[in-house]
Every structure is written in C-alpha cells, then in structure tokens.
Amino acid sequence: MKKKELGQLLGRMTVAEKVGQLLQLAPMFYKGTITKGEITGPMAEMGITAEISERAGSVLGSATASEMIAIQEAYLETNRLGIPLIFMADVVHGYKTIFPIPLAIGATWDVEAAEKMAAVSAKEATAAGLQVTFSPMVDLVRDPRWGRVMESTGEDPHLNSEFAASFVRGYQGDPELLSENYEKMAACVKHFAAYGAAEAGREYNTVDMSTRELYQNYLPAYVAALEAGSKLVMTAFNVFDGVPATGNEWLMRDVLRDELGFDGVLISDWGAVKEIINHGTAADSAEAAEQALRAGVDIEMMTTCYLENLEGMIADGTADVALVDEAVMRILELKNDVGLFEDPYRGLKGKQDRQTDILSAEHRDSAREIAADAMVLLKNEDGLLPLAVDTKIALVGPLAKTQDVLGAWSWLGDKEDAISVHDGMAKQFTQVDVAGAADTENVTEAEIAEMVRVAKDADVIVLALGESADRSGEANSIATIRLPETQYAMIEAIRAVGKPVVTVLFNGRPLDLHGLIEASDALVEAWFPGTEAGNAVADILAGRVNPNGKLPMSFPYTTGQIPVYYNHLNTGRPVDAADAQEHYVSQYIDIPNQPLFDFGFGLSYTTFAYTDLKISSDIITKSDTLTISVTVTNTGEVAGKEVVALYLQDLVGKVSRPRKELKRFSKIDLAPGEARVVTFCLTEEDLRYYKPNLDFTSDPGDFKLFIGADLEATFCLV
C-alpha cells in the first residue's frame with residue numbers, strides 16, 4: 001500500500017479507532033485465542049471489553065501459527081476498516097531452536113554467528129505467525145548483579161554496536177524487502193536508553209549518569225541498530241536525568257527522533273506508561289498518557305492510559321490529535337512494511353509446510369556450532385583438556401543430567417528438546433558414569449555422597465554446575481555474584497577425591513569464581529548454551545571444537561569490586577603511575593584492582609604468534625586512512641580460531657579518556673602452521689570523542705595503539 005493510501009486510511013478513522021491502534025494487548029483478550037488463560041489481577045483491572053480488543057492494534061505473546069490465524073480471522077470480521085493486527089513477541093535467542101544467550105553470543109566475537117542466530121530465529125518465528133521480535137537488547141552492561149546482563153553482548157560500546165547491527169540484519173534482512181520476505185521479521189531495539197546502568201544492579205532501578213557518558217558509551221549500540229534499519233525501538237523502564245524514559249520528551253523526541261533520525265515505531269515496555277505515575281512525575285493516568293504521547297510513544301504495552309484518556313483529552317483540547325495521528329501513521333506504516341495489508345497472515349494460510357523449518361536438523365546444527373564457539377576456556381592446567389574419548393569420566397553435579405540449559409529468555413523453547421551434558425557426552429566418550437542433583441539451590445548430602453562414590457572410580461571428574469536458568473534474566477538481580485552456597489560443599493567434596501577436575505559452568509552472568517577456580521584443573525565457561533548444550537560441551541571437552549570464545553564482560557574478583565570494566569578512566573593517582581606512592585593511590589587494600597578475568601580473555605588448545613607488526617604512518621590527518629597489520633601464525637598442533645583485536649589509547653584529551661578502547665576486531669581460523677596477515681584501517685573519525693559541550697571531534701596529540709588477542713597479550717604501537 002502506498003503512503004498516500006495509508007494517509008487516506010488514517011483520514012477515515014474515528015478518534016476511537018485511532019486510539020485503539022495505540023493499544024497492545026496479550027492474546028488472552030482476543031476472540032479466537034487457542035490457549036485462553038484466566039484473566040486475573042492487574043489484567044482483570046484493565047477493564048478490556050470485546051469492543052476494545054476489536055480495535056486494539058497489536059498483540060504480544062502469541063506462540064503458534066494456529067492461534068495467530070484464529071485471532072486475526074476473528075479480529076478482521078469485526079474491524080470496520082480491515083486494518084490487521086500485528087503480532088509481536090520476545091524472540092531473544094531463538095524461537096524453538098534455542099541458541100546461547102546473547103551474552104554468550106557476544107563471547108563468540110563473531111558477528112556472522114549473531115546474524116545467523118537472528119536469521120534462524122526469524123525463520124522459525126515467522127513460520128509460527130510472529131512479525132516483530134523485541135530484540136536486540138543492546139544495553140551496555142557493567143554490573144553482573146543485574147540479571148539482564150544475559151541479554152546484552154557485554155561491556156564494550158564497539159563490540160555491542162557490531163552485534164547490534166548484525167542481529168538487526170539477521171532478523172530483518174533488507175528492510176526495504178521486508179514486506180515480500182515472509183521469513184524475516186521486524187526488529188525492535190531496546191531499551192532506550194541506558195537501562196543497563198541500573199543502580200546497584202537492581203532491576204527497574206534508577207539510572208543516573210552524565211549526558212556525555214550517555215552519548216559516549218551508551219548510545220553507540222542503539223545508533224548501530226538504527227543504522228542497520230531497526231523498525232522499532234522500545235523505551236526503558238528507568239529514568240534519565242530524573243525523568244522516566246517513557247515520558248522523556250528530550251530523550252525520545254530530541255535525541256531519538258531528531259538527532260538519531262528514527263522515524264519508526266516507538267513502543268513502551270510492559271506497563272511502562274502507567275509506571276510513570278510510580279516514578280512520581282505524573283499524578284494520574286491522564287498525565288502519564290500526556291507525557292508519553294508528547295514523548296512520541298506510539299504503542300502502549302499492556303496498560304490503558306491512552307485508552308482511558310486520549311479521546312476525552314482530544315475533545316477538550318488538552319491533547320493534540322496531530323500527535324495521535326503521527327503515532328497511528330507510524331503503526332500503519334509498520335504494518336505495511338511487513339506486508340500485512342497484502343496478506344494479514346503473511347503466507348501462513350495453506351502453508352503449514354513452513355512448520356518443518358521449526359527445530360530442524362539444520363537449525364540445531366547451527367545452534368550447536370555457535371554454542372561451542374561461545375564457550376570460553378578460563379583455565380587448563382597442564383593441558384588437561386581436551387580429553388581422550390576413552391577416558392574414564394565421572395560426570396557429576398547439578399547440571400550433569402538436567403535439560404535446564406536454555407536460559408531465561410527461551411520462553412518458547414522446550415526443555416524436552418534440549419540435550420543434557422550427560423546425553424551429549426555419552427555420544428562422544430566411551431566411559432561416562434553420572435551422578436547428578438535435583439536442584440542447583442539445594443544439593444543434598446546424599447547427592448554429594450553419590451557424586452563422591454562415582455568420582456572415586458574415575459580417571460577424570462567433569463563437574464557440571466552453575467545457576468538455574470531462572471536465576472538470571474529480568475527481575476533476577478542478586479546482591480552477591482556467587483554460586484548458590486550449597487554447591488560449595490559439593491565442590492570441596494569432589495576436590496578432596498584427588499582426581500583431576502574439569503568444571504563446566506552454566507550461568508547467565510559473570511560470577512565470583514573463588515572457591516571454584518582453585519578447585520578446578522580446567523574450567524569451561526559454558527553460559528546457557530541452548531538446545532544443543534550437551535553436544536556443544538562434549539565437542540569442547542573432546543577437542544572436536546577448539547575453544548575460541550573470549551569474554552565480552554569482565555569477571556570481577558569479588559562482588560565488592562563492581563562495577564569493574566576494562567575501558568575505565570585513569571584517576572589522579574593511578575596505582576601503576578611512574579611516580580605512584582606506596583599507599584596513597586587508587587586501590588583496594590584487600591583485593592587487586594584488576595578483575596579475576598579481563599574482558600577479552602579466553603584460552604585455546606593451540607598457540608598463536610604475532611609478528612611483523614606494521615603501521616602505514618605515525619601521523620594521521622582528517623584525509624588519511626591509517627593501516628595497521630600483523631601476521632598471526634598458529635604455532636600449535638591443532639586448528640584454532642583467534643580473535644585479533646585493535647585497541648586505542650588517547651593520551652591527552654579535553655576530558656579524561658579510557659585506558660584502552662576497542663576499535664576493531666577480526667576472528668580468523670588457522671590450520672596448524674598457517675599464517676595470515678590481519679589488517680585494520682583507522683581514520684580520524686575513530687579518534688573522535690564527546691567533549692563536555694557534546695561536540696564530537698578529535699584533538700591533535702599522541703595516541704597509542706595495541707594489537708593482540710586480549711588486554712594482557714597485546715603489542716603496543718606508539
């Protein structure tokens with residue numbers, strides 16, 4: 001449908017129909033719902049009648065093609081103008097084929113892997129009738145107490161930006177062809193803005209930062225997603241500069257719309273419009289509606305401030321109908337962009353064969369490959385790993401047999417489809433004896449005794465432990481980032497057996513690993529790997545896959561060190577200064593300043609040498625392109641993937657600058673003895689930063705470049 005026709009359609013709508021388009025409801029409010037649940041609590045208080053649901057504009061949370069077809073059919077029978085519903089859901093790291101959590105995908109340092117994950121997710125989700133995913137989440141994260149770090153790709157603005165764009169490309173493909181490509185879906189980047197900086201890592205908490213910090217570190221990933229063509233943006237729950245993001249006119253109009261040029265649909269997070277009242281900047285739902293509308297929020301998710309107030313406010317002149325019209329027009333354009341006016345079912349009717357795309361062998365293979373590449377080898381004393389396939393193994397721990405390996409945002413995935421560690425290892429190792437536990441939070445003495453019995457009869461112990469999936473994710477903040485305490489007695493008992501211990505750790509956040517790292521001869525950070533978890537773990541342990549993941553987020557030494565991140569600023573008294581005093585420097589007196597494991601850390605079963613570093617010039621001007629190259633050689637005996645990273649340090653700026661900043665990275669795959677030249681290019685734009693007045697410019701001066709595999713193993717180019 002042409003834009004002129006959409007304008008004509010808008011002109012035929014009544015005010016009530018326009019306001020209806022701004023409302024998003026769960027499927028249980030609609031006729032035709034297959035899995036109708038009981039409407040209780042806050043949902044019952046919404047007062048949604050059949051008449052209201054018949055003119056609401058979008059649905060969130062439907063899960064099957066049959067349900068969505070039924071809802072759409074019933075809706076179109078009563079909708080006067082035949083404007084179809086649009087269906088949205090949280091497809092965060094897979095629909096039915098569940099991939100590793102986004103933080104783990106960040107650990108791959110492989111943007112093509114991220115794009116593949118998103119493409120598979122879109123293919124499955126669209127086969128089930130969805131047209132929009134509430135993904136990617138690109139919030140910069142520095143506090144692992146916050147449960148939603150598992151949805152981010154880490155602590156670095158550049159890394160997050162590269163992944164943000166890749167996710168959007170994978171979901172949407174060419175955004176201009178979205179209406180014709182029914183295997184693609186619209187992406188919704190979230191949460192705008194700075195949600196990842198919630199104070200104390202507590203969910204929904206206050207965010208307080210400078211505007212310069214917002215621009216420098218938190219906005220770049222959103223910008224990258226928008227430049228890749230993301231069709232939607234979701235507001236954040238938090239305040240920015242004391243004003244709730246969902247009603248923050250400066251943030252949403254001046255920054256998002258005007259500066260960043262976003263002209264797509266802005267949707268609130270669940271209940272966020274009404275929560276403006278709780279923040280204390282609106283006295284009632286009418287004021288909340290007015291603030292959100294002025295901020296440019298087009299869709300109100302699961303509260304009814306618009307519905308209850310806008311018609312009356314337009315009638316008495318307290319709300320501008322032009323603001324409603326622009327919101328409705330953006331919603332109509334989104335529906336048109338995904339092809340709903342041509343086919344409200346996007347090819348689902350009579351196309352049930354598309355269901356074969358869901359959880360296919362091809363998709364599972366992709367999930368397995370990415371899960372293995374996401375795993376990070378943190379320790380490998382005396383080359384204990386990989387294990388020979390005939391090693392006599394005792395597989396013990398609460399994650400040994402469980403299928404709870406999908407992660408917190410896998411609500412459409414089935415645990416029954418997941419491969420447990422035991423099932424995966426049994427396929428690749430000839431001697432595996434297993435003793436598990438029923439609960440990660442409460443490992444019993446009897447279960448520990450059985451683990452010890454099995455361990456005594458083995459050559460190597462594989463200890464599978466960690467968090468349950470529901471211990472991370474939304475509303476799962478924790479004050480102390482350690483394993484559940486009952487697991488430490490198990491760890492001590494297993495270590496006391498005296499056999500080599502390989503720990504496989506499942507978790508959705510960086511953890512304080514003390515008490516575990518010392519008891520482990522080898523440690524594999526597996527995250528929540530998804531549907532193919534057990535197969536991917538076995539691939540790593542058997543050496544079928546050489547570990548190549550690198551941490552996208554620092555692992556703190558202890559909780560009290562948080563926030564700790566690599567690209568921090570210097571202080572006036574840095575501990576490593578040439579003239580540093582013995583005591584009066586910026587340091588802890590009980591722990592190191594450095595995290596336990598730095599951003600970018602990750603071991604391999606092979607070794608790599610960096611030689612022949614070259615730089616095209618020691619000066620760069622606005623018209624120059626600086627070329628930096630290095631030869632990387634696999635000096636070991638097995639093939640391996642290596643992440644080559646380029647960091648920059650601006651030695652003197654108008655404001656204090658980070659000790660290091662990631663500027664480029666490349667992941668390469670080398671056979672034993674193979675060498676490859678890796679080349680990076682920088683321009684003057686890469687030296688720019690935000691000044692106190694928010695000018696984005698560079699300064700004349702000196703810079704250092706660092707190139708290597710991680711922060712410690714880097715070579716300095718002055």
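Predicted model: local features only at pLDDT ≥ 70, side-chain atom pairs only at ≥ 80, totals over all residues.
Residues are numbered from 1 along each chain as its sequence is written, and side-chain values use heavy atoms, with hydrogens and water left out. Helices (H or I, at least four residues) and strands (E, at least two) are DSSP runs numbered from the N terminus, and two strands pair if DSSP finds at least two bridges between them.

**The eight-stranded sheet**

- An open sheet is formed by eight strands with parallel pairing, in the order β9-β6-β5-β4-β3-β2-β1-β10.
- The edges of this sheet are β9 (265-267) and β10 (300-301), and because each has a single partner strand, one side of each is left without a neighbour in the sheet.
- Within the sheet, strand β2 (residues 58-60) pairs with strand β3 (residues 86-89) in the parallel sense over three bridges, and Ser58 stands opposite Ile86 in β3.

- Six strands make up an open sheet with mixed pairing, ordered β11-β16-β15-β14-β12-β13.
- At the edges stand β11 (376-380) and β13 (431-435), each with a single partner strand, so one side of each lacks a neighbour in the sheet.
- Neighbouring strands here are turned by 20° against each other on average, direction ignored, where axes are lines fitted to C-alpha atoms (for helices over the stretch in contact) and angles run from 0 to 180 degrees between N-to-C directions.
- Strand β12 (residues 392-396) pairs with β13 in the parallel sense over five bridges, and Ile393 stands opposite Val432 in β13.
- Helix α16 (residues 421-428) lies across β12, β13, β14 (460-466) and β15 (501-506), and runs at about 170° to β12.
- Helix α18 (residues 486-495) also packs on the sheet, where it touches β12, β14 and β15 (contact means heavy atoms within 4.5 Å), and its direction makes about 175° with that of β14.

**Domains and annotation**

- The chain is divided into domain 1 (364-542) and domain 2 (606-717), with bounds that come from an automatic or database domain assignment.
- The C-alpha centres of domain 1 and domain 2 are 35 Å apart.
- UniProt lists residues 642-711 in an unreviewed entry as "domain: Fibronectin type III-like"; its positions are given in the numbering used here, feature names are shortened, and annotations may be inferred rather than shown by experiment.
- Over residues 642-711 the chain is 0% helix and 54% strand, and the end C-alpha atoms are 14 Å apart.

**The largest pocket**

- The largest pocket has a volume of about 930 Å³; on a 1 Å grid over the protein atoms alone, a pocket is an open set of points where a 1.4 Å probe fits, with protein on both sides within 12 Å along at least five of seven lines.
- Grid points are joined across faces, edges and corners, and the volume is the space filled by probe spheres set on the points.
- The pocket is lined by 36 residues (each with an atom within 4 Å of a point), and those nearest its centre are Pro157, Gln216, Pro220, Lys663 and Phe696.
- At least two lining residues are supplied by each of α8 (157-172), α9 (211-227) and β20 (661-670), and the largest share, 10 residues, comes from α9.

- Most residues other than glycine have a negative phi, and most peptide bonds are trans.
- The peptide bond from Ser135 to Pro136 is cis, with omega near 10°, and Pro136 is found in the loop between β4 (132-133) and α8.
- The peptide bond from Lys190 to His191 is also cis, with omega near -5°, and His191 is found in strand β5 (residues 186-192).
- Leu359, although not a glycine, has a positive phi of about 60°, and lies in the loop between α14 (321-337) and α15 (361-374).
- Tyr565 lies in the loop between α19 (533-541) and β17 (608-615), and touches Arg142, Glu155 and Ser554, not counting residues up to four places away in sequence.
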